[in-house]
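Please open the structure in a viewer and keep the selection tool at hand.

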Amino acid sequence: MLSGQDAAEYAAAHFWNRYFDSTKVWTDAPDTLLGGVSREDMTAAAREYIIALWSIPYKQALEAQVWLMSLAEASLDNDTTGRIYDFMTSVMESALWNPLSELRNEGLYIPVLESILRTRRTGEHYSAYYQQQLSTCMNNRPGEPAADFSYTDARGVHHRLYDTDTEYTLLLFSNPGCPACREIISTLRNSPVVTALQHDGRMTLLSIYIDEDLEEWRMGLTDYPDSWITGYNHDLTIRDALVYDVRAIPSVYLLDRDKKVIFKDIAPGMLMLQFENMH
C-alpha cells in the first residue's frame with residue numbers, strides 16, 4: 001500500500017480517471033458535464049485536484065497536468081460540443097493564471113495552454129492571446145535559472161541578483177505604500193519559519209522596485225525590515241524589457257542557491273504552506 005508522498009503523487013496522477021472513465025454515461029443535460037457530474041461538483045473537484053498538485057513535487061504535478069489534458073482532448077471524440085474540454089480549460093485558467101487566485105501557478109498552466117493551441121479550438125485572435133500567455137508562463141518557469149538583473153540598494157550601491165549566496169533567495173517585486181505589499185511583508189516578518197531561515201543564514205530576502213519614482217520608493221523604505229535587501233531596478237529592464245513578467249504587485253519568486261526558480265509568482269498563503277514543508 002502506498003503511503004505519504006507516494007500516495008499523494010498517485011492520487012494526483014489518477015484523480016481524473018474516474019470522471020473520464022469511458023464506461024460512464026455521457027449526458028447532454030445542460031447542467032452536467034460528464035458521467036452525470038454537475039458543473040458545480042466538477043468545479044469543486046478541480047479545486048481539490050489543484051490543491052493536491054501543490055502537495056507534490058513540481059515534476060510529478062506537471063506530469064499529472066499533461067495526463068489531464070490528454071483526457072480532456074480525448075473527450076472531444078465523444079462530446080462534439082466541446083463543453084467538457086472548454087470547461088476544463090476555463091477552470092484551469094481561472095485557478096492557475098488569474099493573478100488574484102490563491103492557487104495560481106503559471107508552470108502548471110503550461111500544459112493547458114499547449115493543449116489549447118494544439119487543438120486549435122480558438123479563433124485567430126484568441127490563439128494569439130493564449131500564445132502570449134504561454135510566452136509569459138515560459139519566462140522564468142520553475143526549474144529553470146531565473147533571469148539575472150542589476151539593482152541599486154538603499155545606499156546607492158549596484159548589485160546583481162546572482163550576487164546573493166544563500167540556500168534560498170526570496171525575490172519580492174513590490175511598491176512602497178501598496179496595501180497588499182505591506183500585508184505580505186508583515187506575513188514574512190512575523191513568520192517563525194522565515195525568521196529561522198534568515199537567522200541560520202539560509203535565505204536572503206530581496207525586495208525590488210521596478211518603476212521610476214525613486215522619491216516614492218525612498219519614502220517607503222521604512223516598510224521593509226532592516227534584515228532585508230531593498231533596491232530598485234535602475235535600468236528598468238525588468239518592467240520595460242519584460243525580463244520578468246510582473247503581472248501584478250506584489251509578486252513573489254523563491255529561488256534556490258543556483259538561482260533556479262522553485263516557485264514563480266506564488267500567492268502568500270501558499271508560500272507559507274510551502275515554507276512549513278521545507279523547514
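Begin with the second largest pocket, whose volume is about 270 Å³. A pocket here is an open set of points on a 1 Å grid over the protein atoms alone, where a 1.4 Å probe fits, with protein on both sides within 12 Å along at least five of seven lines; lining residues have an atom within 4 Å of a point. The volume is the space filled by probe spheres set on the points, which are joined across faces, edges and corners.

The model is predicted: local features need pLDDT of at least 70 and side-chain atom pairs pLDDT 80 or more, while totals for chains, interfaces and linings use all residues. Residues are numbered from 1 along each chain as its sequence is written, and side-chain values use heavy atoms, without hydrogens and water.

Select Glu102, Arg104, Ala180, Pro250 and Pro268, which lie nearest the centre of this pocket among its 13 lining residues. Helix α8 (residues 179–189) gives the largest share of the lining, 4 residues; helices are DSSP runs of H or I, at least four residues, and strands are runs of E, at least two, numbered from the N terminus.

Ile56, Pro57, Tyr58, Ile262 and Phe263 are the closest to its centre of the 20 residues that line it. Strand β9 supplies the largest share of that lining, 4 residues.

Finally, select helix α9 (residues 192–199), where Val193, Val194 and Leu197 are buried (under 20% relative accessible area, with a 1.4 Å probe and protein chains only; exposed means over 50%). Glycine 201, with a positive phi near 70°, follows α9.
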